[in-house]
Amino acid sequence: CLAPGGGRWAVRVECVAARALEESTVAAAMAMTRANMRALYQASTWGWDEEEKREELLDADALLLLAWADVGGREVLAGFLHMRYVDEEGAAAVYCYELQLIKQARGQGLGRYLMLLMEHMGAAAGMAIGALTCFVENPAIEFYRRLGYEEAAHSPEGESYAIMEKPLALPFAAFKHTCA
């Protein structure tokens, strides 16, 4: 992964079930989510509810792809993807609940890598689609479009968010991914 200033970060990605997260990791993920998303939530009809976001993060079915970067000899959480396997309007889906990166990691390919890893894991688990919800005012919506996500037929019109989907027809479905 490229680091700001043209250097490189060594990045280690692990998949962890929410129930196995250490409290320090939960705190780092919540701080990242708060810094990146609170203003968008506050501007929406949903509002920001810290406890609700924490409960969502720690849901019994949640899996997290944690991206750890070596920054100056210290391992820090550079980003994470929170996902679940769900039924989305009758289709088996791997749903991205959160994709959060620290500011320094944006635009370096880490978010794309985490999304592609989620899609590969979903395909390997037999999921038909990748899905996510994105605020329409969030600049990241263009990132998701570049990855092939389109607004779903059941996405509500005139709301502050869009539900986006992408078919998962990946050649890597035979790969096995497990989470602790």
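Reader: Which residue does Glu75 meet in a salt bridge?
Author: Glad to start there: this is a predicted model, in which local features need pLDDT of at least 70, side-chain atom pairs count only at pLDDT 80 or more, and totals for chains, interfaces and linings use all residues. Residues are numbered from 1 along each chain as its sequence is written, and side-chain values use heavy atoms, with hydrogens and water left out. A salt bridge puts a side-chain nitrogen of Lys or Arg within 4 Å of a carboxyl oxygen of Asp or Glu. With an N to O distance of 3.0 Å, the partner of Glu75 is Arg12.

Reader: How many residues apart are Glu75 and Arg12?
Author: Helices (H or I, at least four residues) and strands (E, at least two) are DSSP runs, numbered from the N terminus. Glu75 sits in strand β3 (residues 74–88) and Arg12 in strand β1 (residues 10–17). The pair thus links distant parts of the chain, and the separation is 63 residues.

Reader: Which residue pairs with Arg145 in a salt bridge?
Author: Look in helix α4 (residues 140–146), where the two partners are three residues apart, and therefore separated by about one helical turn. Arg145 is partly exposed at 41% relative accessible area. At 2.6 Å, N to O, its partner is Glu142.

Reader: How many disulfides does the count give?
Author: A disulfide needs a pair of cysteine sulfur atoms within 2.5 Å. By this rule, the count of disulfides is zero.

Reader: How far from Cys96 is the nearest cysteine sulfur?
Author: Cys96 is buried at 3% relative accessibility, and Cys134 is also buried, at 3%. Cys96 is in no disulfide, and the nearest cysteine sulfur, that of Cys134, lies at 9.4 Å.

Key:
Buried < 20%, exposed > 50% of the residue type's maximum accessible area, 1.4 Å probe, protein only.
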